Amino acid sequence: MQSNEVATDRAAQIFNSAVAASAIGAAWELGALDELNAHGVLEVDDFATRTDLHHGATSAMFAALASVGIVERDGEKITTGPAFADVY
């Protein structure tokens, strides 16, 4: 890998980590991590509706969590990812 490619990759990792850190805090505050821990799965639309959240913002939160392996996404279905235990 060229040095500029390495720098670009590192910058992307830093950005994803920064976004994920905010998403982790939001997921804690909103109860998403507790729900995933208890049930192992949730649907974005159902969670957003039950918690009176904007669907797009809720989906973006889970996308950020998925970018670092905390959750896995399959369409609207969210399950715990390989790094879930590290944040719960």
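Q: What percentage of the 88 residues of the chain count as buried?
A: The model is a predicted one, and burial here means under 20% relative accessible area. By that cut-off, the share of the chain's 88 residues that count as buried is 30%.

Q: What pattern do the helices and strands follow along the sequence?
A: The secondary structure of this predicted chain comes to 5 helices and 3 strands, and its C-alpha trace spans about 45 × 25 × 25 Å along the principal axes. Read along the sequence, these elements follow the pattern α-α-β-α-α-β-β-α.

Q: Which element gives the largest share of the largest nonpolar core?
A: The largest nonpolar core has 19 residues, and those with the most contacts inside it are L36, M61, F62, L65, I70 and I78. Two or more residues are given to this core by each of α1 (3-30), α2 (32-39), α3, α4 and α5 (84-87). In soluble globular proteins, nonpolar side chains tend to be buried together. The largest share of this core, 4 residues, comes from α4.

Q: Which residues does I70 touch, not counting residues up to four places away in sequence?
A: I70 is among the residues with the most contacts inside the largest nonpolar core. With residues up to four places away in sequence not counted, I70 touches I24, L65, T80, G81, A83, F84 and V87.

Q: How are the ring planes of W28 and Y88 arranged, stacked or edge-to-face?
A: A pair of aromatic rings is described by the distance of the centres and the angle of the planes. A search of the whole structure finds 3 aromatic pairs; in the one formed by W28 and Y88, the distance is 5.1 Å centre to centre and the angle between the planes is 15°. Because planes under 30 degrees apart count as stacked, the arrangement of W28 and Y88 is stacked.

Q: How many residues apart are W28 and Y88?
A: W28 is partly exposed, with a relative accessible area of 35%, and Y88 is partly exposed as well, at 39%. W28 lies in helix α1 and Y88 in the segment after α5, and the pair links distant parts of the chain, the separation being 60 residues.

Q: Which residues do ring pairs link into a cluster?
A: W28 and Y88 form a stacked aromatic pair. The cluster linked by ring pairs takes in F84 too, and its members are W28, F84 and Y88.

Q: Why is the pair of F47 and F62 classed as it is, and what is that class?
A: F47 is buried, and so is F62; F47 lies in helix α3 and F62 in helix α4, so the pair ties together parts that are 15 residues apart in sequence. The ring centres of F47 and F62 are 6.0 Å apart and the planes stand at 75°. Since planes over 60 degrees apart count as edge-to-face, the class of the F47 and F62 pair is edge-to-face.

Q: Is T58 buried or exposed?
A: T58 has its place in helix α4. Leaving aside neighbours within four places in sequence, T58 is in contact with V44, F47, A48 and L53. With a relative accessible area of 2%, below the 20% limit for burial, T58 is buried.

Q: What is the distance in space between V41 and F62, C-alpha to C-alpha?
A: V41 lies in strand β1 (residues 41-43) and is partly exposed, with a relative accessible area of 33%. Leaving aside neighbours within four places in sequence, V41 is in contact with L36, K77, I78 and T79. V41 and F62 are 21 residues apart in sequence, and their C-alpha to C-alpha distance in space is 12 Å.

Q: How far apart in space are G69 and A83, C-alpha to C-alpha?
A: G69 has its place in the loop between α4 and β2 (71-74), and at 16% relative accessibility G69 counts as buried. Leaving aside neighbours within four places in sequence, G69 is in contact with G81, P82, A83 and F84. G69 and A83 are 14 residues apart in sequence, and their C-alpha atoms lie at a distance of 5.3 Å.

Q: What value is phi of D52 near?
A: D52 is found in the loop between α3 (44-50) and α4 (55-67), and D52 is exposed, with a relative accessible area of 71%. Most residues other than glycine have a negative phi. D52 is a residue other than glycine with a positive phi, the value being near 55°.

Technical notes
Residues are numbered from 1 along each chain as its sequence is written. This is a predicted model: local features need pLDDT of at least 70, side-chain atom pairs count only at pLDDT 80 or more; totals for chains, interfaces and linings use all residues. Side-chain values use heavy atoms; hydrogens and water are left out. Buried means under 20% relative accessible area, exposed over 50%, partly exposed in between (1.4 Å probe, protein chains only). A nonpolar core is a set of buried Ala, Val, Leu, Ile, Met, Phe, Trp, Tyr and Cys residues joined through side-chain atoms within 4.5 Å. Contact means heavy atoms within 4.5 Å. Rings of Phe, Tyr and Trp (its six-membered ring) pair if their centres lie within 6.5 Å; planes under 30 degrees apart count as stacked, over 60 as edge-to-face and the rest as tilted.
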